[in-house]
Amino acid sequence: MWNVTDWQKVVFNDESRFVLGTDDNRVRLWRRPGERYHSPHTVLRHTARTAGVMVWGAIAYDSRSTLIVMRGTLTGQCYVDDNLRPHVGPFLNGLPGEIFQQDNARPHTARVAQDFLRHFQNLPWPARSPD
């Protein structure tokens, strides 16, 4: 069982999209079985992509990375070239003994990303687990 000192060594990171308008075109609601398309639970929506910005960042117990604005589609190679090599590597090198945690998004599990991260200690993360 991990204690507080163990968790203080973990560097958490993730990316998130922030919508610059009032609607991100996502509907969140709980439904009972069989109510999937029940008319009170359906809403007509504008389906065009809304303006937004995708950002990436990492936090540790007593520090944080710079916030990185991500452009275009994130692939494994882009993740290495735009995030891991210029930002994560130096950040983790400045925090000796830290454990890097990331979710199992496809760019994170790409071979090129895993090859880069083999030089750092990583926290295993279960597949399809919530962030």
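User: What makes β1 and β2 count as paired strands in this predicted model?

Analyst: In this predicted model, strand β1 (residues 10-19) and strand β2 (residues 52-59) run antiparallel and are joined by 8 bridges. Pairing requires at least two bridges between two strands, so β1 and β2, with their 8 bridges, count as paired. One of the residues involved is Asn13, whose bridge partner in β2 is Ala58.

User: Why are β3 and β4 called edge strands of the sheet?

Analyst: The open sheet has 4 strands in the order β3-β2-β1-β4, and its pairing is mixed. Because β3 (68-70) and β4 (99-101) each have a single partner strand, one side of each is left without a neighbour in the sheet, and they therefore stand at its edges. From one strand to the next, the twist averages 25°.

User: Which helix packs on the sheet, and which strands are touched?

Analyst: Helix α2 packs on the sheet, where β1, β2, β3 and β4 are touched by this helix, and the direction of α2 makes about 30° with that of β2.

User: Why is Asn83 called buried?

Analyst: Asn83, which lies in helix α2 (residues 76-93), has a relative accessibility of 1%. The cut-off for buried is under 20%, so Asn83 at 1% counts as buried. Leaving aside neighbours within four places in sequence, Asn83 is in contact with Trp56, Met70, Cys78 and Val88.

User: How many residues does the chain have, and what percentage of them count as buried?

Analyst: The chain has 131 residues, of which 27% count as buried.

Note on methods. Residues numbered from 1 in each chain as written. Predicted model: local features only at pLDDT ≥ 70, side-chain atom pairs only at ≥ 80, totals over all residues. Heavy atoms only, no water. Buried < 20%, exposed > 50% of the residue type's maximum accessible area, 1.4 Å probe, protein only. Helix = DSSP H or I, 4+ residues; strand = E, 2+ residues; numbered from the N terminus. Contact = heavy atoms within 4.5 Å. Axes fitted to C-alpha atoms, helices over the stretch in contact; angles between N-to-C directions.
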